[in-house]
Amino acid sequence: MIENIRHIIFDLGGVLLNIDYQLTEKAFTDLGITNFGELYSQLKQTDVFDRFETGHISGPDFLGAMQEASGKNVSAQQVTDAWNAMLLDFPVRRLQLLQQLRIRYDLLLLSNTNEIHEAAFNKILFGAHGMPNIGVFFDKVYLSHRVGMRKPDVEIFRRILEENGFTPEHTLFIDDSPQHIEGAKQAGIQTIYLEKGMTIEEHIFKPLN
């Protein structure tokens, strides 16, 4: 499967970091915001989430929009905690796998994320494993809110190929969202769709000696 691969691009949430979106919905419900699904859809329609994920609005601006849209008297910290509730853990076997793969391949990270989640998942990583940030496992990290682009836009994949001198046929992208996989395919990149219930350590990579 990876005989002709020299470069591997990993997604973060659902691939390396365990996540559970329902925990965030429950956390907002516990705050009295029982229509989080509608709230999310409303703000998504008004570009708040897209702009936040591409760095066009700040964390405080996002939190303010969430507070206002909720119609509830909740603090910015309460909204932050609820927003971060979906972020779970980095299984040690996955981190060890990254360290092993990096010996043989160029490793890059490409994630649609935001400044609040970046701070939170790096805190999780440091607290559980003593690593200062996710970047220590990769040659280069592309976070949507930092680069101003997001998946599945084919341009973010083309940018990665160009900036790093990668050829698409020698590049592998792993993600758990089918629409992101399609964006990578449009750039000519080889892909693996990590379906629900699959993990990279159990279903994709055999142990490396």
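Good morning. I begin with Arg94, which is placed in helix H6, residues 92-104. Helices here are DSSP runs of H or I with at least four residues, numbered from the N terminus. Please note that this is a predicted model, in which local features need pLDDT of at least 70 and side-chain atom pairs count only at pLDDT 80 or more, while totals for chains, interfaces and linings use all residues. Residues are numbered from 1 along each chain as its sequence is written, and side-chain values use heavy atoms, with hydrogens and water left out.

Is Arg94 buried or exposed? Arg94 is buried, with a relative accessible area of 5%. Buried means under 20% relative accessible area, exposed means over 50%, and partly exposed lies in between, with a 1.4 Å probe and protein chains only. The side chain of Arg94 makes a polar contact with that of Glu201, at 3.0 Å. A polar contact is a pair of N or O atoms within 3.5 Å; within protein, one must be able to donate a hydrogen and the other to accept it, and residues adjacent in sequence count only if both atoms are side-chain atoms. Leaving aside neighbours within four places in sequence, Arg94 is in contact (heavy atoms within 4.5 Å) with residues including Leu16, Asn18 and Ile200.

I turn now to helix H1. Thr24, Ala27 and Phe28 are buried in H1. They lie on the same side of H1, because they cover an arc of only 95 degrees around the axis; the arc is that of the directions from the helix axis to the C-beta atoms. The face turned away from the buried side of H1 carries exposed Gln22 and Asp30. At the start of H1, a side-chain oxygen of Asp20 comes to within 3.0 Å of the backbone nitrogen of Gln22. After H1 comes Gly32, with a positive phi near 95 degrees.

Finally, the pockets. A pocket is an open set of points on a 1 Å grid over the protein atoms alone, where a 1.4 Å probe fits, with protein on both sides within 12 Å along at least five of seven lines; lining residues have an atom within 4 Å of a point. The largest pocket holds about 760 Å³ of space, a volume being the space filled by probe spheres set on the points, which are joined across faces, edges and corners. Of its 33 lining residues, the closest to the centre are Tyr21, Tyr40, Glu53, Met86 and Asn112. Helix H1 (21-30) is one of the elements that give two or more residues to this lining. Thank you.
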